[in-house]
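I opened the model today and kept short notes. Here is what I looked up, entry by entry.

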Amino acid sequence: MSRIVLIGGGGFAKEVHEIADLEGHEAVGYVAEAAGVVDLPYLGTIETLAELRSRFDEVVMAFGAVDRRSLRRRAELIDRLEGQGLNFRALVSPHA
């Protein structure tokens, strides 16, 4: 399918990585504020995505949002990255 980069490297990213595998995507790594726990290469911070564009086709949000503040942060990040021309992939577990 496609080569993806996860945005986030925590516990939720581990679950997203598993769903990406089930859907046949190749997760090439993840970006986050710091190295996390997901078993993928840490590619740097979100700001490095522009430099990495040749290595992936789409990005996947892989950090949770549990309150208004985190939902707003997530929405602002999506707007910023879409403005840079990045494509987002929505993943849905085949077990859902």
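How far apart should the ends of helix α1 (residues 11-23) be at 1.5 Å a residue? I worked it out: its 13 residues should span 18 Å, and the end C-alpha atoms are 19 Å apart, which agrees. The expected span is 1.5 Å times one less than the number of residues. Helices (H or I, at least four residues) and strands (E, at least two) are DSSP runs, numbered from the N terminus.

A note on the source: this is a predicted model, where local features need pLDDT of at least 70, side-chain atom pairs count only at pLDDT 80 or more, and totals for chains, interfaces and linings use all residues. Residues are numbered from 1 along each chain as its sequence is written, and side-chain values use heavy atoms, without hydrogens and water.

Next I checked burial in α1. A13, V16, H17 and A20 are buried (under 20% relative accessible area, with exposed over 50% and partly exposed in between; 1.4 Å probe, protein chains only). Seen down the axis, the buried residues of α1 fall within an arc of 105°, so they line one face of the helix. The arc is taken from the directions from the helix axis to the C-beta atoms. Their cover includes β1, β2 (26-31) and β4. After α1 comes G24, with a positive phi near 90°.

Then I turned to β4 (residues 58-61). E58 and V60 point one way, V59 and M61 the other, and all are buried. β4 pairs with β1 (residues 3-7) in the parallel sense over 4 bridges; pairing takes at least two DSSP bridges. V5 stands opposite V59.

Methods:
Contact = heavy atoms within 4.5 Å.
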